[in-house]
Amino acid sequence: MSKSKFYAVKKGKNIGIYNTWDECKNQVNGFSGAQYKSFKTLDEAKNYVYGKIDTIESDFNDIVHAYVDGSYEHSIKEYGSGVVILKDEVVEKTYSKRGNDTHLVGMRNVAGEIEASKIAMSYCIDNKIKNLIIYFDYEGIEKWCTGDWKTNKEGTKEYKKFYDSIKDNLNVKFVKVKAHSGDKYNEEADKLAKGAIGI
């Protein structure tokens with residue numbers, strides 16, 4: 001009898017862990033720069049895809065995945081935020097929210113993505129979830145939080161301040177995905193962001 005394997009897709013149409021090669025192949029075939037491997041244990045596969053998530057419990061069941069995106073409509077000077085929340089690879093909740101905060105409007109669609117990221121973090125805090133993996137396509141979403149980018153504008157300062165206020169209670173891992181690359185949930189977040197402002 002052959003040993004079971006776990007197929008981990010780090011870069012592909014849908015990031016995640018699959019039980020069969022056929023499921024894995026569907027995620028990586030035709031995807032430029034796909035990264036995937038097979039592992040004997042589920043923990044090894046999870047560490048490969050998500051990196052080691054250091055929490056006191058090290059409880060991999062307590063992870064939420066959130067895809068975030070933003071959009072902007074110049075004619076109404078409003079931005080939209082789209083969020084897809086997944087737990088156990090099932091869509092738990094979606095958000096489609098519009099905003100016109102004067103500190104953020106000048107940042108256009110980035111404003112929507114910042115707000116989407118905050119929505120995902122707030123969801124975890126409200127639901128006492130310890131680990132969050134945010135999939136985003138604008139690198140400032142991560143770099144303003146980690147301090148790699150300076151927060152020069154009011155909107156980015158507020159975003160960093162918000163992140164600093166929750167980071168002791170929520171372990172956030174950031175994963176950059178390529179925009180408009182066919183990633184199912186990234187496309188869904190994009191649609192939600194556009195829908196919020198009627199695009």
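**View 1. Lys-11, a partly exposed residue of strand S1.** With a relative accessible area of 42%, Lys-11 is partly exposed, a class lying between buried (under 20% relative accessible area) and exposed (over 50%), with a 1.4 Å probe and protein chains only. Lys-11 belongs to strand S1, residues 6–11, where a strand is a DSSP run of E with at least two residues, numbered from the N terminus. This is a predicted model, in which local features need pLDDT of at least 70 and side-chain atom pairs count only at pLDDT 80 or more, while totals for chains, interfaces and linings use all residues. Residues are numbered from 1 along each chain as its sequence is written, and side-chain values use heavy atoms, with hydrogens and water left out.

**View 2. A positive patch on the surface, with Lys-11 as one of its members.**

View 3. Glu-23 lies in helix H1, residues 21–28, a helix being a DSSP run of H or I with at least four residues, and Glu-23 is partly exposed at a relative accessible area of 35%.

**View 4. Buried cysteines Cys-24 and Cys-124.** Cys-24 is buried, at 0% relative accessibility, and Cys-124 is likewise buried, at 0%. Cys-124 is in no disulfide, and the nearest cysteine sulfur, that of Cys-145, is 13 Å away, whereas a disulfide is a pair of cysteine sulfur atoms within 2.5 Å. By this rule, 0 disulfides are counted.

Technical notes:
Patches are made of residues with over 30% relative accessible area and no salt bridge: like charges are joined within 9 Å, nonpolar side chains (Val, Leu, Ile, Met, Phe, Trp, Tyr) within 5 Å. Accessible areas come from the Shrake-Rupley method with a 1.4 Å probe; for residues, only the protein chains shown count as cover. A salt bridge is a side-chain nitrogen of Lys or Arg within 4 Å of a carboxyl oxygen of Asp or Glu. Lys and Arg count as positive and Asp and Glu as negative; His and the chain ends are not counted. The place of a charge is taken as NZ of Lys, CZ of Arg, CG of Asp or CD of Glu.
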